[in-house]
Amino acid sequence: MASWVKSLIRISTFEVETLQKRLAEVATRRTHVEMKISTLDAELALEIARAAQEPAFSFDLTAYKKGWAQRREQCVSELELIAHEEAGIRDSLNGAFEELKKFEHVAETTRLSKVAAELKRESEAMDEAALRLRFAG
């Protein structure tokens, strides 16, 4: 296999691995934001339950709900951005896999061509040897 093909395969493999790491990082960030949203929702449920038990807390509940809605909306926006980033990385990763497969296909085709040429040379040598034996004997 030509050294340039090996180099291209190494570069493509590195690119695929880098994109896989980025995708894992983005997935981790997405999970953290999803957990943050769940926590906010649980805190709201807790505040509503507390306000139902203590009438004094019910006055502050409206302000709490406003702040909760703003924080939740910020998290949802961040989650949407992460989803777009993740989709972009997945597209890039698919392209990188395609490129890697192309280079691997070129390498395999080159290897098979060399094997076929070697087999042809061996076959020709065997035919020549057989003809020499036939005419010599």
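Helices, as named in these legends, are DSSP runs of H or I with at least four residues, numbered from the N terminus. The structure is a predicted model, in which local features need pLDDT of at least 70 and side-chain atom pairs count only at pLDDT 80 or more, while totals for chains, interfaces and linings use all residues. Residues are numbered from 1 along each chain as its sequence is written, and side-chain values use heavy atoms, with hydrogens and water left out.

**View 1. Glutamate 86 in helix H2.** Helix H2 covers residues 55-136, and glutamate 86 is part of it. With a relative accessibility of 8%, glutamate 86 counts as buried (under 20% relative accessible area with a 1.4 Å probe, protein chains only). Leaving aside residues up to four places away in sequence, glutamate 86 touches Leu23, Val26 and Arg30, where contact means heavy atoms within 4.5 Å. The side chains of glutamate 86 and arginine 30 also make a polar contact at 3.0 Å (a pair of N or O atoms within 3.5 Å, of which one must be able to donate a hydrogen and the other to accept it; residues adjacent in sequence count only if both atoms are side-chain atoms).

**View 2. Serine 12 in helix H1.** Serine 12 is found in helix H1, which runs over residues 3-53, and its relative accessible area of 6% makes it buried. Apart from residues up to four places away in sequence, serine 12 touches Glu99, Leu100 and Phe103.

**View 3. The buried residues of helix H1.** Among the buried residues of H1 are Val5, Ile9, Ser12, Val16, Leu19 and Leu23. The buried residues of this helix pack against H2.

Note on methods
Helix = DSSP H or I, 4+ residues; strand = E, 2+ residues; numbered from the N terminus. Buried < 20%, exposed > 50% of the residue type's maximum accessible area, 1.4 Å probe, protein only.
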